[in-house]
2 protein chains.
Amino acid sequence: MGVSPGNPLSPERKEILLEPVTSIREELPLTDWARGVKRSMLQEMLEIVRRPGVLSFALGLPAPELFPKGQYAEACAQVLEKDANALQYGPSLRALKQHIVSLMALRGVACGEGQIFLTAGAQQGMNLLMRLFLREGGRVLLEELAYPGFLQVISPYQPEMLAVPTDSREGIDVEEVELLLRRGARPAAIYVVTDGHNPLGVSLPLEKRRRLVELARQYRTPIVEDDAYGFLYYEDEATPPLRALDEQWVFYIGSFSKILAPALRVGWLVVPESLMPALSIVKESSDIDTSTFSQRAVSAFLDTGQLPSHLAMLRREYRARRDIMQLALQRYFPPQARWKAPTSGLFIWVELPEKIDVSRLVRVAVEEEKVAFIPGNAFSVIDSRRKANCIRLNFSNCDPARIEEGIALIARVLDR
Amino acid sequence: MGVSPGNPLSPERKEILLEPVTSIREELPLTDWARGVKRSMLQEMLEIVRRPGVLSFALGLPAPELFPKGQYAEACAQVLEKDANALQYGPSLRALKQHIVSLMALRGVACGEGQIFLTAGAQQGMNLLMRLFLREGGRVLLEELAYPGFLQVISPYQPEMLAVPTDSREGIDVEEVELLLRRGARPAAIYVVTDGHNPLGVSLPLEKRRRLVELARQYRTPIVEDDAYGFLYYEDEATPPLRALDEQWVFYIGSFSKILAPALRVGWLVVPESLMPALSIVKESSDIDTSTFSQRAVSAFLDTGQLPSHLAMLRREYRARRDIMQLALQRYFPPQARWKAPTSGLFIWVELPEKIDVSRLVRVAVEEEKVAFIPGNAFSVIDSRRKANCIRLNFSNCDPARIEEGIALIARVLDR
């Protein structure tokens with residue numbers, strides 16, 4: 001598959017790294033949808049970036065050296081020592097929900113414990129919400145550049161996708177959303193990443209947030225707000241998420257993956273309380289419950305009061321890495337390259353001249369220069385050849401001492 | 001909802017504990033399916049059994065005092081100490097898959113690492129498989145008495161359910177399966193629990209297993225074999241699961257929840273290698289990955305070689321609890337009560353005279369006698385009033401010193 005060892009991509013392949021996985025399964029009685037599913041580029045990249053010596057700017061991985069490992073080990077030990085039910089099935093932990101209420105207040109969101117629903121992470125949060133909102137063949141409104149994991153979530157429903165333009169400086173084109181809604185489009189939901197946009201790295205301006213929320217109210221359309229990166233902002237203050245502006249039509253997705261660690265597999269939703277019974281059912285049906293052990297360990301870590309200083313440290317470190325990457329881009333990338341300094345999140349989106357097809361350069365980059373990134377077309381919702389002149393660069397996961405070297409390597413690939 | 005405090009069930013309600021949760025969500029733009037979903041009785045019971053003083057035989061919970069808490073704490077500490085990637089996203093751990101291959105050998109199954117797929121538990125395993133096999137409105141063949149969690153998994157597909165009779169001593173009626181297949185029924189899958197049947201507690205005889213597997217081959221129909229309880233057998237030897245008899249048509253679901261602890265949220269599938277690409281995609285789309293931390297901690301525990309003795313201990317302890325419960329049933333239950341000593345699993349299924357409607361007695365049992373169980377009709381696939389003269393009793397979770405007392409209390413309720 002893809003660019004795994006021994007099976008290099010043929011240079012002429014256009015939809016690099018994205019190919020159907022059907023051929024081998026003719027014997028199996030799969031549904032048509034299952035026969036046609038494609039691996040995501042992120043999944044392919046997980047294999048690639050583990051190759052020895054590859055410098056990777058490909059995935060949205062947090063920096064493992066910044067995980068609070070010692071404190072989390074203490075929290076685990078304490079929970080297993082004290083709590084007889086730590087390893088049993090169980091209901092969601094109230095103490096953890098209360099911590100999340102406080103965390104949401106830091107984000108400018110007023111909510112109550114009864115509006116918090118625990119998940120196994122943001123990806124599961126999307127799944128549970130779309131299971132409730134989207135019927136087979138239903139409509140989803142989203143940006144022309146979007147997180148591929150969301151497309152995977154909705155793909156089994158074979159939805160009609162209403163893709164609106166997205167501005168590489170300001171995010172979703174709210175006027176286009178309005179136009180679609182005014183013309184009678186009635187999507188099951190609008191999916192949006194308001195801060196630390198994936199892949200663009202941008203944050204939606206406040207006035208556009210206000211307008212988007214007004215539209216959701218006016219047209220009674222739920223907004224699924226994916227805020228996996230919202231706590232990682234690099235200015236003095238963050239813009240409040242959509243959920244701070246409306247509590248009826250905004251369905252907020254949060255996660256500890258990027259602010260503590262992914263392997264906790266703990267995230268949350270902030271939703272109207274009336275959604276809880278249905279959510280509980282789809283969650284139970286998905287995987288019974290969110291690990292009671294993880295819930296308790298995260299809660300015990302939060303009890304120590306160290307999260308605010310941990311977040312401040314992450315923001316400082318990631319801001320520094322972002323700045324190193326920008327300096328390197330200025331130094332090594334062609335002068336026509338354009339990007340906007342992200343004010344939040346983990347990505348810089350670089351636009352290159354239209355004639356450059358980055359998707360054709362990935363193999364060379366990985367195989368010969370030992371550097372990895374994601375070509376922009378991997379995020380293109382409707383046409384997988386669009387935005388092939390763009391690159392998504394992650395700045396959180398690479399050793400900051402090697403960011404400059406990596407950017408220089410990519411520049412060398414672009415120069416070929 | 002249900003029998004939660006302050007909202008007791010009205011005595012005349014027939015479908016006790018199972019009610020739609022729609023009323024409150026009129027404002028929300030949910031799909032029709034989501035509006036009609038019902039809480040499972042297990043979910044209701046999770047609340048009830050936590051009431052102070054209630055003796056519960058209701059849920060399929062393992063005994064928390066038998067969890068290897070100390071050893072797991074050591075495994076967690078060791079993993080966080082040594083492994084830099086323990087809290088990061090990551091690929092499935094080969095070492096854990098190798099341990100599972102050895103574990104499957106104990107179960108009489110020959111398989112390779114390439115056939116093992118890690119999940120967040122058996123419930124997720126069902127979800128992933130049915131996502132690949134079942135299309136909207138497709139057919140599923142299952143027993144007339146089945147695990148409600150499986151029904152929840154398939155419910156969004158609004159499937160046609162082909163329910164075959166199930167024998168309270170031998171399990172699924174294989175002749176009826178044959179008849180249906182011979183008449184041209186082409187289900188997307190056959191769901192079966194071959195050992196420690198939930199709710200019946202029975203194990204399918206070997207010759208019936210052979211026949212079932214032959215039918216799957218002949219009619220090219222996948223069998224989804226849920227073996228969550230298969231390692232908990234109480235005779236000297238266990239019968240091999242269906243997967244030991246066929247590796248192409250049997251899709252095996254395993255879990256550490258009942259043999260180590262549920263909060264690890266680690267389970268596995270044993271499936272043909274050709275299914276892996278599609279499985280990887282639906283898994284990633286569901287929740288990205290199975291916690292790398294849990295994978296490593298479980299693997300570190302298994303490295304110690306303590307699992308076989310731990311399993312032997314669990315079998316000894318649960319066998320003793322089963323025997324105490326049987327003696328109590330003989331002593332306190334009406335002489336017409338019938339049950340078969342389960343040779344595996346966590347449940348005894350008791351049949352009472354047809355005139356007794358156990359579902360009407362649950363409220364009295366919980367409210368007045370402080371004892372909980374699940375009425376048989378909760379497992380009835382087609383008609384939720386059938387098997388209301390039966391009781392599913394769990395014998396693993398209750399303090400063995402109080403099993404007799406609990407059974408006497410239920411007998412008192414039956415006597416009313």
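# Reading strands, helices and a chain contact

A:Cys390, A:Arg392 and A:Asn394 point one way from β14(A), while A:Ile391 and A:Leu393 point the other way, and all are buried. Keep in mind that this is a predicted model.

Q: Which residues of β14(A) point one way, and which the other way?
A: In a regular strand the side chains alternate between the two faces of the sheet. Here one side gets A:Cys390, A:Arg392 and A:Asn394, and the other gets A:Ile391 and A:Leu393.

Q: Why is β14 (390-394) of chain A described as largely enclosed by the rest of the structure?
A: Five of the five residues of this strand are buried, so β14(A) is largely enclosed by the rest of the structure.

Q: What does β14(A) pair with, then?
A: Strands of a sheet pair through backbone hydrogen bonds, either parallel or antiparallel. In this case β11 (347-351) of chain A is joined to β14(A) by five bridges, running antiparallel. A:Trp349 has A:Arg392 as its bridge partner in β14(A). Strand β13 (374-375) of chain A also pairs with β14(A) in the antiparallel sense, over two bridges, and there A:Pro375 stands opposite A:Ile391.

Q: In what order do the three strands of the open sheet in chain B come?
A: The order is β11-β14-β13, with antiparallel pairing. β11 (347-351) and β13 (374-375) of chain B are the edge strands, each pairing on one side only. Five bridges join β11(B) to β14 (390-394) of chain B, and B:Trp349 stands opposite B:Arg392.

Q: Which strands are at the edges of the seven-stranded open sheet in chain B?
A: That sheet runs β2-β10-β9-β8-β7-β3-β4, with mixed pairing. Its edge strands are β2 (116-119) and β4 (160-164) of chain B. From one strand to the next, the twist averages 20 degrees. For a parallel pair, take β7 (189-192) and β8 (223-226) of chain B, joined by three bridges; B:Tyr191 has B:Val224 as its bridge partner in β8(B). Helix α7 (174-182) of chain B packs on the sheet, touching β3 (139-143), β4 and β7 of chain B, and its direction makes about 140 degrees with that of β4(B).

Q: How do α11(B) and α13(B) cross, left-handed or right-handed?
A: The crossing is right-handed. The axes of α11 (307-332) and α13 (403-414) of chain B come within 9 Å and cross at roughly 35 degrees. Among the residues making the contact are B:Met325 and B:Leu329 of α11(B), and B:Ile407 and B:Ala411 of α13(B). By class, that contact has nine nonpolar, no polar and two charged residues.

Q: Which residues have the most contacts inside the largest nonpolar core?
A: In soluble globular proteins, nonpolar side chains tend to be buried together. Here the largest nonpolar core has 276 residues, and A:Ile223, A:Val350, B:Ile223 and B:Val350 have the most contacts inside it. Not counting residues up to four places away in sequence, A:Val350 touches several residues, including A:Leu329, A:Trp339 and A:Ile391.

Q: Is A:Met276 buried or partly exposed?
A: Partly exposed: 19 other C-beta atoms lie within 10 Å, and a residue needs 20 or more to be buried. A:Met276 lies in α9 (276-287) of chain A.

Q: How many residues does each chain bring to the contact between A and B?
A: Chain B and chain A bring 65 residues each. On the side of chain B that touches chain A, α9(B) supplies the largest share, eight residues. That side divides into 38 nonpolar, 17 polar and 10 charged residues.

Notes:
Residues numbered from 1 in each chain as written. Chains lettered and ligands numbered in written order. Predicted model: local features only at pLDDT ≥ 70, side-chain atom pairs only at ≥ 80, totals over all residues. Contact = placed C-beta atoms within 7 Å. Helix = DSSP H or I, 4+ residues; strand = E, 2+ residues; numbered from the N terminus. Nonpolar A, V, L, I, M, F, W, Y, C, P; charged D, E, K, R; others polar. Core = buried A, V, L, I, M, F, W, Y, C linked by C-beta atoms within 7 Å. Buried ≥ 20, exposed ≤ 12 C-beta atoms within 10 Å, placed from the backbone. Axes fitted to C-alpha atoms, helices over the stretch in contact; angles between N-to-C directions. Left-handed = near helix turned anticlockwise from the far one by under 90°. Pairing = 2+ DSSP bridges.
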